[in-house]
Amino acid sequence: MRKAHTHNKPELVSPAGSWASLTTAVDSGADAVYFGIKGLNMRKSAENFDLLQMEKVMDLVHSSGRKGYLALNVLIYDRETQKIEKILKEAKRCGVDAVILWDMSVLTIARELGLRTHLSTQASVSNFEALKLYSSLGISRAVLARECTLEDIRGISERAQREVIECGIECFIHGAMCVSVSGRCFMSLGSFAKSANRGECLQPCRREYLITEKGPDGDCSYMLGEDYVLSPRDLCTMGFFEKMMTSGAEAFKIEGRMRSADYVGAVTSAYREAIDAYYEGNLTDVLKSRLWSRLGRAFNRGFSEGFYFGRPEDTGGVSSRDYEKIYIGEVRKFYKKIGVAEVRFTCGPLERGQTILVTGKTTPASFARVEEMEIEHTRVDNVAKGESAGVRLPFEARPRDKVFLWVPKEKGGND
């Protein structure tokens, strides 16, 4: 048994791009969630939340003993300052715990309102002097640049402690990485007039391209994309997580506001277990390997260690998710006393013994192995597409929840 650790646990910050992801993150052990308001955030394609929903979001988060951070880390134009002020005033009224930002106009208004502020990784803070400067401007936490190594992080953290700089450090521990500097990429804007810095990135770096030799005699062409030469693999720190725990960071962030609720649940729960195990002295190589495998079953583009040891290296093994979800139907009713959901199988069949995923606006992404099904009070082993059946579940479902079949991915299938 390893010695347990007693200093403060780092805060686990999970993405909430939708109501389903929000409830799943809370249910899976996140200490805090970050979310965006429709129209002005770095993930416009996510479901996001209306301004009028902010109070409900914060009520849910605070009633669960968690924190909620408003992500407002886009480029801001003069014509939008009044809208920013309106959003931040509502954030103040609703008790938002911090605003994630990097535009100085947002910082100015947030400071005037007395809001706590976190500096986005978009600002690319990679040294102590930058941290010190932003701290003097009122920033209480900085999400460091993705390019920082573990050695960089430790150095910045140790100096901040020596010089009593009251600005915490946050680092990414899992999720997609951008091909450019901390997300500041112009490829989407140049190709499709959709700015990455305005949350509209269409991720053209992750597509296939036909590269043709230039010149009158050029007759060679190459198809690029299978290994995505432009797109890096996803960051995964599980293999060296104890080193992250001793880096000096006060918070760990999971990327993924455009990912599904089941992805948020799988990744959040894995890192929750790792953090707790470390403090109990139980973060063994065996446990890390098991958690790493669990992470591999969530959507990914293969894993790398990011820049934490310098030039990114692949961590092997996982090149895509091992499982896939197939939409098969929707919950019509749920009978709480007997724990049975009435499901209409509009898009596919189901067999007893298979695993399903159920998720909805207020239902955290939840998995269940199907042991009992009934049609008109008669037990059945199979339900065909177009039929309705009662399915016993170990958790509460709600009308209009989506039901997916969770099956091993066939070799050669698509992500």
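This is a predicted model: local features need pLDDT of at least 70, side-chain atom pairs count only at pLDDT 80 or more; totals for chains, interfaces and linings use all residues.
User: What does the protein chain contain in helices and strands?

Analyst: The protein chain has 10 helices and 22 strands. Of its 415 residues, 51% count as buried.

User: Why are helix 1 and helix 9 called roughly parallel?

Analyst: The axes of helix 1 (residues 19–27) and helix 9 (residues 261–279) cross at roughly 20°. Angles under 35 degrees count as roughly parallel, and the two helices are therefore given that label. Their axes come within 8 Å, and the crossing is right-handed.

User: Which residues make the contact between helix 1 and helix 9?

Analyst: Helix 1 contributes A20, S21, T24 and A25, and helix 9 contributes A261, V264, G265 and T268. By class, this contact has 4 nonpolar, 4 polar and no charged residues.

User: Why is S18 called buried?

Analyst: S18 has a relative accessibility of 11%. Buried means under 20%, so S18 counts as buried. S18 is found in the loop between strand 1 (11–15) and helix 1. Apart from residues up to four places away in sequence, S18 touches E47 and F49.

User: What makes the approach of S18 to S21 a polar contact?

Analyst: A polar atom of the S18 side chain lies 3.2 Å from the backbone nitrogen of S21. The limit for such a pair of N or O atoms is within 3.5 Å, and the distance of 3.2 Å meets that limit.

User: How do you know whether E90 is buried or exposed?

Analyst: The relative accessible area of E90 is 16%. The cut-off for buried is under 20%, so E90 is buried. E90 sits in helix 3 (residues 81–94). Not counting residues up to four places away in sequence, E90 touches L51 and M54.

User: Why is S269 called partly exposed?

Analyst: S269, in helix 9, has a relative accessibility of 23%. Buried requires under 20% and exposed over 50%, with partly exposed in between. S269 therefore counts as partly exposed.

User: What does the side chain of S269 reach?

Analyst: The S269 side chain reaches the backbone oxygen of G265 at 2.8 Å. Leaving aside neighbours within four places in sequence, S269 is in contact with S28 and R294.

User: How far apart are S269 and A30 in sequence and in space?

Analyst: S269 and A30 are 239 residues apart in sequence, and their C-alpha atoms are 7.9 Å apart in space. Across the protein chain, residues 24 or more positions apart account for 68% of the contacts with a separation of 6 or more.

Definitions and conventions
Residues are numbered from 1 along each chain as its sequence is written. Side-chain values use heavy atoms; hydrogens and water are left out. Axes are lines fitted to C-alpha atoms, for helices over the stretch in contact, and angles run from 0 to 180 degrees between N-to-C directions. Helices (H or I, at least four residues) and strands (E, at least two) are DSSP runs, numbered from the N terminus. Angles under 35 degrees count as roughly parallel, over 145 as roughly antiparallel, 65 to 115 as roughly perpendicular and the rest as oblique. A crossing is left-handed if the near helix is turned anticlockwise from the far one by less than a right angle, and right-handed if clockwise. Contact means heavy atoms within 4.5 Å. Ala, Val, Leu, Ile, Met, Phe, Trp, Tyr, Cys and Pro count as nonpolar, Asp, Glu, Lys and Arg as charged, and the others, Gly among them, as polar. Buried means under 20% relative accessible area, exposed over 50%, partly exposed in between (1.4 Å probe, protein chains only). A polar contact is a pair of N or O atoms within 3.5 Å; within protein, one must be able to donate a hydrogen and the other to accept it, and residues adjacent in sequence count only if both atoms are side-chain atoms.
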